[in-house]
Amino acid sequence: MPEFSTPAAPALPVRRIARRALALALAALAPLAAAHAQTWPAQPLKAIVPFGPGSSPDQVARIVGEKAGAILGQAIVIENKPGASGNIGTYAIANAKPDGYTFGVSITGPLVNNTLLFDKLPYAPATDLSPLTLAVHQPNVLVVPAAAGIGSVGQLLQALKQNPDKYNFPSPGAGTVSHLAVELMLQQIGARATHVPYPSSPAALSSLLSGDTQFAALPPIAVMPMVKDGRLKALAVTSSKRSALLPDIPTLAEAGVPDIEGSAWIGFVISSRAPADVRKKLSDALIQAVRDPEVAKRLQAQFMDPVGDTPAEFRAYMDDELNRWAPLIRKLGIKAQ
């Protein structure tokens with residue numbers, strides 16, 4: 001029977017030919033990638049919002065997206081995908097076709113805290129998503145009903161210590177900044193209060209006005225109209241420094257409760273698989289849009305402090321947030337409800 005064998009000597013040239021063919025193929029693709037970046041965007045973009053129409057992230061997406069679209073020369077269409085504490089929409093951003101035409105906004109929960117609040121997520125925020133820019137900060141406002149007769153943080157803290165089982169506080173959900181900022185304050189002063197989660201800030205606010213809860217730290221867009229009409233009393237902002245939009249409201253640190261940084265921030269992100277040069281072009285447009293004077297004015301009208309930082313700065317801030325809230329979440333055993 002004849003034996004068939006392949007001589008060993010030609011193997012090395014074959015490998016060299018294969019490597020050369022691969023190098024030539026990659027070299028041929030490089031101009032195509034560059035051309036794609038130069039022509040992008042050639043069609044309208046889609047911005048996914050993981051929350052419902054009218055929410056703060058929705059407003060940011062629409063206000064900033066309108067200007068960014070004008071800068072890029074293409075419309076940016078908003079698509080709301082609410083549910084699962086923002087996880088559904090944020091997963092849709094991470095899992096979008098990586099051509100740069102789909103991106104979105106998200107917040108602390110889906111981008112940071114939900115990695116601790118949920119036993120399992122369908123996406124990994126740190127690796128599946130790339131930051132584009134931190135758009136706005138919203139320092140929560142610590143409020144009480146005006147009828148309660150509490151006029152300062154000191155009076156509230158005294159009441160909490162004297163009546164450890166009397167006070168309830170609402171939030172738009174377990175693990176939100178509205179929840180965690182209050183829990184951190186209670187830890188700092190050695191007091192107790194019962195957390196009552198609600199599906200939204202308006203629902204939490206309704207509980208406060210009805211008397212079901214007694215104090216809260218909620219976004220300014222939700223509470224300031226009622227502070228102005230006298231139904232609520234603003235005691236402090238949950239930020240390290242006073243907000244330029246609320247200059248008359250002191251910080252918790254000024255009231256004797258230091259080291260609390262509770263911002264309900266909103267930022268733009270995209271799938272990390274999108275081309276780097278396209279991500280940069282989109283990021284540059286969004287930063288320019290956030291910093292535009294007219295856009296900033298519209299955001300400030302919603303009690304939002306515009307930021308518009310770099311992707312690297314946004315990533316560092318999210319890392320800081322994880323370091324800030326992880327010990328508290330673990331200590332209290334907080335899970336999504």
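Phe169 is buried, because its relative accessibility is 0% (buried means under 20% relative accessible area, exposed over 50%, partly exposed in between, with a 1.4 Å probe and protein chains only). Phe215 is buried too, with a relative accessible area of 0%.

This is a predicted model, in which local features need pLDDT of at least 70, side-chain atom pairs count only at pLDDT 80 or more, and totals for chains, interfaces and linings use all residues. Residues are numbered from 1 along each chain as its sequence is written, and side-chain values use heavy atoms, leaving out hydrogens and water.

**Aromatic pairs**

The structure holds six aromatic pairs. Rings of Phe, Tyr and Trp (its six-membered ring) pair if their centres lie within 6.5 Å; planes under 30 degrees apart count as stacked, over 60 as edge-to-face and the rest as tilted. Two of the pairs are set out here.

| Pair | Centre to centre | Angle between planes | Type |
|---|---|---|---|
| Phe169 and Phe215 | 5.6 Å | 35° | tilted |
| Trp265 and Tyr317 | 5.9 Å | 80° | edge-to-face |

Phe169 lies in strand S6 (residues 168-171), while Phe215 sits in the loop between helix H8 (201-210) and strand S8 (216-218). Helices (H or I, at least four residues) and strands (E, at least two) are DSSP runs, numbered from the N terminus. Ring pairs also join Tyr167 to Phe169 and Phe215 in a cluster.

Trp265 is in the loop between strand S9 (232-237) and strand S10 (266-271), and Tyr317 is in helix H12 (residues 311-332). They are 52 residues apart. Trp265 is buried at 0% relative accessibility. Tyr317 is buried at 13%.

**Two helices**

Helix H4 (residues 108-117) packs against H12 at about 35°, with the axes 9 Å apart. Axes are lines fitted to C-alpha atoms, for helices over the stretch in contact, and angles run from 0 to 180 degrees between N-to-C directions. Residues in the contact (heavy atoms within 4.5 Å) include Leu111 and Leu116 in H4, and Phe314 and Trp325 in H12.

**The sheet**

Three strands form an open, antiparallel sheet in the order S8-S5-S9. Two strands pair if DSSP finds at least two bridges between them. S8 and S9 are at the edges with a single partner strand each, so one side of each has no neighbour in the sheet. Strand S5 (residues 141-145) pairs with S8 over three bridges. Leu142 stands opposite Ala217 in S8.
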